[in-house]
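Take a look at the sequence and the structure below.

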Amino acid sequence: MEELTAAVATLAIYLLLGTAIALISKRVGIRTTADYYVAGHRLGGVLAAISYAATTYSAFMMVGLVGLTYATGVGAFGFEITYLLSTIFLLSYVAPRVWRLSKERNWISPAEMVSDLYGMRSLSLLVALMYLVALIPYASAQLIAVGRMVEGMAPGLYWLGIILGVVAALVWTGLSGMWSLASTDLFQGLWMILAAVGFVAWLFLWGGQDIARGAARMAEEGLLGMRWPPLVFASYSIPWAFFAVTNPQVVQKLYTPRDERALRRLVTLFTVFGLSYTVMVTAVGLAGRALSEVGRVPVVDVVDRVTPTLLRFAPLPLAVFVFTSIVAAAMTTMDAIVLTLSSTASRDVYQGYVGGDDRTAINVGRVAILILLAVLSYVAYLRIGFIVDLSVLASALLLPLAPVTLVGWFYGRRSRSMGYAAIASLASGFAIGLYWALVHGARKSLVTPILGLPPTLLILIVSTAVVLVPLIRR
Amino acid sequence: MRDGLYLAWSLLVLALSYIVPFTLLRECRSLILYAFWLGLTLVHFAVTLLYLRGAEGWRS
């Protein structure tokens, strides 16, 4: 009973704070679709950075990555760090160009960006379709995580978690778009970091010498070396390495900073946040495994249950604080996906083909948010698949967008044939990923080689080769 | 020139992050592999900070 009261109280504080922040952000005033979806290109560096980080780091971190590290050792840290290394490079190298182009050409949705880069409007529909197929499972996985966390704190109330998640997302994104999203992201991002600091500090103090003794046993089992097979490591890490280019919810964040100084701050603060969070999350997984090795905590067979198992031993206030941080991580990612998909409906479909004014387009976007959340809650209700698999599969399906977007940023609009090549590239890469996932299932499709290669590498090679054909022929 | 160097450096870092763990540190029995990835990220971040200070696209 005490646990239930603490959980409900913490969750209520979290929801009330988030809603209050969203309401305050409404004062900004929304007149155009640019105001609504990219904050009128007026976000400060700190807000843009934490919003970028909170969107990137989903429930996968504190649930999936802790479990992966527990099960497979240090290799899981490498899997996540290759993402960070690649993202630091991509953001530093291409962000100024993307930010400048977004202001010059008034990009609001990433699908609109791709079609504009190739001067071909039909591309936006294809890209929008890819987003829908890839991101609905990913966003649903976040809502499933919210439901599970609430269920973990208050058994039997999975459905309540879904409802709370949907209502909060509706208010936090629907109210004033990117402004309310970024403001609530800032508060939730800080909650995530503070919870991780508290969790890791408690775990190491509580575990004490047992962690060192357990680590010695882990060394004997090879868990401190590289236990991941190369094919699995490559197949899982390649989509993540291009996450900053392929996932619209983070690409859209690059349009938001008010000036280059804010953009630079986005890159540096995101890196600090990302590295700190990754180190803390993987430290929890490694320490948890060490404590299992010496019998301080039970052995956990299901990766998604490692964090809840460890939190059973934590002081109640800390446990509910961490549980709520996982809800926050899931919410920030889901909110951003919903907003970016809504921008596609509003900008690419409604304004692109009907041509209505901005005020109506914003309302169309709000209706799209409502419909998307209804779909997500239905998929979440069915509880499909594991969080890790769904998260990685989404990035794999979006992987063909990496070469298409990068080539577009640097060589776009040179000829009509480039647009056709982009369509062929997206279609071929996406078809390979989808076919393999349908044949082998989400989990196995990523680790079942095609022609001896990691499937994601083959997708990348094929889509890159196809999009480069017109450039090579010139 | 500066952009090219940063591009080459970043590709080298990414290559190292894949190659070293599967060769030199595959069987390590301490936290060296963890320290390697962490150190590589910190060095990459430091180099990136230098790059951000003077790169063409970053000068307002």
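What follows is a short tour of this predicted model.

## Helix H1 of chain A

Start with helix H1 of chain A, which covers residues 2-25. The helix has 24 residues. From its first C-alpha to its last it reaches 35 Å, close to the 34 Å expected at 1.5 Å a residue.

Several residues of H1(A) are buried, among them A:Ala6, A:Ala7, A:Thr10, A:Leu11, A:Tyr14 and A:Leu15. An α-helix has 3.6 residues a turn, so residues three or four places apart point the same way. What covers the buried residues of H1(A)? The cover includes helix H7 (122-153), helix H8 (158-174), helix H9 (178-207) and helix H16 (316-354) of chain A.

## The nonpolar core

The largest nonpolar core has 182 residues. Which residues have the most contacts inside it? They are A:Tyr14, A:Tyr118 and A:Tyr277. H16(A) gives the most to this core, with 17 residues. Apart from this core lies another, of six residues, including A:Ala234, A:Ile238, A:Leu399 and A:Ala402.

Leaving aside neighbours within four places in sequence, A:Tyr14 is in contact with A:Trp172, A:Phe187, A:Gln188 and A:Trp191, among others. Its contacts also include A:Thr324, A:Val327, A:Ala328 and A:Met331.

Helix H17 of chain A runs over residues 358-382. At 1.5 Å a residue, its 25 residues should span 36 Å. Its end C-alpha atoms are 36 Å apart, which agrees. The buried residues of H17(A) include A:Ala361, A:Ile362, A:Gly365, A:Ala368, A:Ile369 and A:Leu372. Among what covers the buried residues of H17(A) are helix H2 (33-38), H7, H8 and H16 of chain A.

Now turn to A:Thr32. This residue is found in the loop between H1 and H2 of chain A. Is A:Thr32 buried or partly exposed? A:Thr32 is partly exposed, because its relative accessible area is 29%, and buried means under 20%. Not counting residues up to four places away in sequence, A:Thr32 touches A:Asp358 and A:Ile362. A:Thr32 and A:Asp358 are 326 residues apart along the chain, yet their C-alpha atoms are separated by 5.3 Å.

About 640 Å³ of space lies in the largest pocket. Of the 24 residues that line this pocket, the closest to its centre are A:Phe89, A:Leu90, A:Phe242, A:Leu406 and B:Leu11. Helix H5 (75-104), helix H11 (230-241), helix H19 (401-411) and helix H21 (455-473) of chain A give two or more residues to the lining, together with helix H1 (2-22) of chain B. The largest share, six residues, comes from H19(A). The lining of the largest pocket has 22 nonpolar, two polar and no charged residues.

The second largest pocket has a volume of about 540 Å³. Of its 23 lining residues, the closest to the centre are A:Gly152, A:Met153, A:Pro308, A:Arg312 and A:Phe323. H1, H7, helix H15 (306-311) and H16 of chain A give two or more residues to the lining. H7(A) brings the largest share, five residues. By class, this second lining has 14 nonpolar, two polar and seven charged residues.

## Enclosed cavities

Rolling a probe the size of a water molecule over the atoms shows where empty space is left. How many cavities of 30 Å³ or more does a search of the whole structure find? There are four. The largest cavity has a volume of about 70 Å³. Its lining includes A:Leu393, A:Trp436, A:Ser445 and A:Ile459. Helix H18 (387-398), helix H20 (416-445) and H21 of chain A each supply at least two lining residues. By class, the lining has seven nonpolar, three polar and no charged residues.

About 60 Å³ of space lies in the second largest cavity. A:Tyr14 returns here, lining this cavity along with residues including A:Leu11, A:Leu15, A:Val327 and A:Met331. H1, H7, H8 and H16 of chain A give two or more residues to the lining. The largest share, four residues, comes from H8(A). The lining of the second largest cavity divides into nine nonpolar, two polar and no charged residues.

Conventions: Residues numbered from 1 in each chain as written. Chains lettered and ligands numbered in written order. Predicted model: local features only at pLDDT ≥ 70, side-chain atom pairs only at ≥ 80, totals over all residues. Heavy atoms only, no water. Expected span 1.5 Å × (residues − 1). Buried < 20%, exposed > 50% of the residue type's maximum accessible area, 1.4 Å probe, protein only. Contact = heavy atoms within 4.5 Å. Core = buried A, V, L, I, M, F, W, Y, C linked by side-chain atoms within 4.5 Å. 1 Å grid on protein atoms, 1.4 Å probe; cavity = no way out; pocket = protein on both sides within 12 Å on 5 of 7 lines; lining within 4 Å. Points joined across faces, edges and corners; volume = space filled by probe spheres on them. Nonpolar A, V, L, I, M, F, W, Y, C, P; charged D, E, K, R; others polar.
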